[in-house]
Every structure is written in C-alpha cells, then in structure tokens.
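Student: I have just opened this entry and would like to be walked through it. Where shall we begin?

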Amino acid sequence: MQYTWKDIEQHVNGCTCCPLSRTRKKPVMGRGNHQSDLMLIAEAPGGEEDQQGIPFVGSSGKLLDRLLQDCGLDRTELYITNILKCHPPGNREPQEEEKEACFPYLKYETFLLKPRIIVCLGRVAAQRIISPDFKITRQHGTWTYRKNCALTATYHPSAILRDASKYEIARKDFCEVVKKRKELTGGREREGLGI
Ligand code: SF4
C-alpha cells in the first residue's frame, strides 16, 4: 500500500509507538514543499514546537530562517522534518529505541519526497542518517552520495544559538548546499531517494 502525506500525518498524530507519546503536547510532523528536491532533517522537536505542533518555530526556527535567507533560500523551497516527531522532555537527546520506533515515518517522508539533497542539522541527525561515527565539528559540509541523493550535515540552529561563532560555518555550509543543488538539478528534478 502506498501511503500519502495525509496518511503519514494521521499516523504521526495518533502514534503511541514510544513513551514520548505520553509526555508530548503535540506531535510534530515535517512541513514544507512536497515537490522540493531539498530535505532538512534535525533530531527532534523542541519545547516551542511541542506547543505548536510545527517544526522549527521559536528561536531555532528564526535562526534557521536567517541562515537560509543569507544563502538565498527560504522555507517554501524545502521540506523540513525531525527524526523524532515528539519532543523529548527537557530537550534531552533522543534514545535509541525512540529513534528506531520513529524512523519508519522518516522513511515514508523520504520515499514520498525523493530528495536529491539531504542536509542533516546537528550531530544526532548526521549520525543516524549519514554515518554512526560522524563528527560534526570535523565533517560538517562534507558530502556523501547514496541512491542518487547527496547528503551533508551542518550545525543545528540550537548549537549556533549557544555558540555564535558557528553561524558563519553553517552559513558557508548552506551556501555550498545551494551550489550543489544547482550542480545536481538546477533545483527542479526529483529523482533521489536518500535513506
Ligand atoms: S516519537 Fe515517533 S514513535 Fe514516538 S510516539 Fe512520537 S511519533 Fe510515535
């Protein structure tokens, strides 16, 4: 059976597959342009996202918008989601069993979107999506190719909020994403699969 975006959202909204279903306020399904070739993946919704049920609102979201804008991008051109669709209490790191329980939703999102480029935001996403031993400080901005999709990682906006010196690094990484996107697709084709 082929699920639609609506089907996945309905499953996420009613999901009780891990203990986070008991502590979340609102599940946070990915959002954005379903025709995009560019997918951003972070680790989990924060407190503000938990309140609103929308990814990357709040201060991290504002910083992400600034980063994108500085590279000539905006959210209408991309799809953004998290590995976990529910907020871990106290913003703690996602646990292995939570990531595994939630991963099928990300697989479906990726299957439907078929991105040509995936940008992981932060170490946790990069280690789950690109490589378990990914070192964000050393390997941010590097490229891996898988199933017709180019994957890279940069700092999570919340890490930039804690250390402003990372902003310029992340800005350069995103500018390389824009170049890679032009190189691969001209920003139009959708053929990749990614994960
Ligand atoms: S985090 Fe994922 S697996 Fe856990 S309850 Fe939320 S939607 Fe379900």
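**The ligand and its surroundings**

Tutor: Let us begin with the ligand. Please keep in mind that this is a predicted model. Helix α4, residues 96-113, supplies three residues to the shell around the ligand, the largest share.

Student: How many residues surround the ligand, and which are the closest?

Tutor: The ligand is surrounded by 14 residues, and the closest are C15, C18, S21, C86 and C102.

Student: How does that shell divide into nonpolar, polar and charged residues?

Tutor: Ten residues of the shell are nonpolar, two are polar and two are charged.

Student: Back to α4, then. What span does it reach?

Tutor: Helix α4 has 18 residues and reaches 25 Å from its first C-alpha to its last, close to the 26 Å expected at 1.5 Å a residue.

Student: And where does the kink in α4 lie?

Tutor: The kink lies at C102, shortly before the proline P104, and is about 40 degrees. C102 is also among the residues closest to the ligand.

Student: Which residues of α4 are buried, and what do they pack against?

Tutor: The buried residues are E98, K99, A101, C102, Y105, L106, E109, T110 and L113. They pack against α1 (5-13), β2, β3 and α5.

Student: What follows α4?

Tutor: K114 follows α4, and its phi is positive, near 50 degrees.

Student: Let us turn to the sheet. What is the order of its strands?

Tutor: The sheet is open and has six strands in the order β1-β3-β2-β4-β6-β5, with mixed pairing. Strands β1 (31-32) and β5 (144-146) stand at the edges with a single partner strand each, so one side of each has no neighbour in the sheet.

Student: What do strands of a sheet pair through?

Tutor: They pair through backbone hydrogen bonds, in either a parallel or an antiparallel sense.

Student: Why is β2 described as largely enclosed by the rest of the structure?

Tutor: The reason is that five of the five residues of β2 (residues 38-42) are buried. L38, L40 and A42 point one way from the strand, whereas M39 and I41 point the other way.

Student: And which strand pairs with β4 over five bridges?

Tutor: That is β6 (residues 149-154), and the pairing is parallel. Within it, C120 has A153 in β6 as its bridge partner.

Student: A change of topic: where is N148, and is it buried or partly exposed?

Tutor: N148 is in the loop between β5 and β6. N148 counts as partly exposed because 14 other C-beta atoms lie within 10 Å. N148 and L184 are 36 residues apart in sequence, and their C-alpha atoms are 9.7 Å apart in space.

Student: What about R123: where is it found, and which residues does it touch?

Tutor: R123 is found in helix α5 (residues 123-129). Not counting residues up to four places away in sequence, R123 touches F134 and I136. R123 is buried, because 20 other C-beta atoms lie within 10 Å, and 20 or more is the cut-off for that class. R123 and L161 are 38 residues apart in sequence and 15 Å apart in space, C-alpha to C-alpha.

Conventions: Residues are numbered from 1 along each chain as its sequence is written. This is a predicted model: local features need pLDDT of at least 70, side-chain atom pairs count only at pLDDT 80 or more; totals for chains, interfaces and linings use all residues. A residue is near a molecule or strand if its C-beta atom, placed from the backbone, lies within 6 Å of it. Helices (H or I, at least four residues) and strands (E, at least two) are DSSP runs, numbered from the N terminus. Ala, Val, Leu, Ile, Met, Phe, Trp, Tyr, Cys and Pro count as nonpolar, Asp, Glu, Lys and Arg as charged, and the others, Gly among them, as polar. A residue is buried if 20 or more other C-beta atoms lie within 10 Å of its own, exposed if 12 or fewer, and partly exposed in between; C-beta atoms are placed from the backbone. Two residues are in contact if their C-beta atoms, placed from the backbone, lie within 7 Å. The expected span of a helix is 1.5 Å times one less than its number of residues. The bend at a residue is the angle between axes fitted to the seven residues ending there and the seven starting there. Two strands pair if DSSP finds at least two bridges between them.
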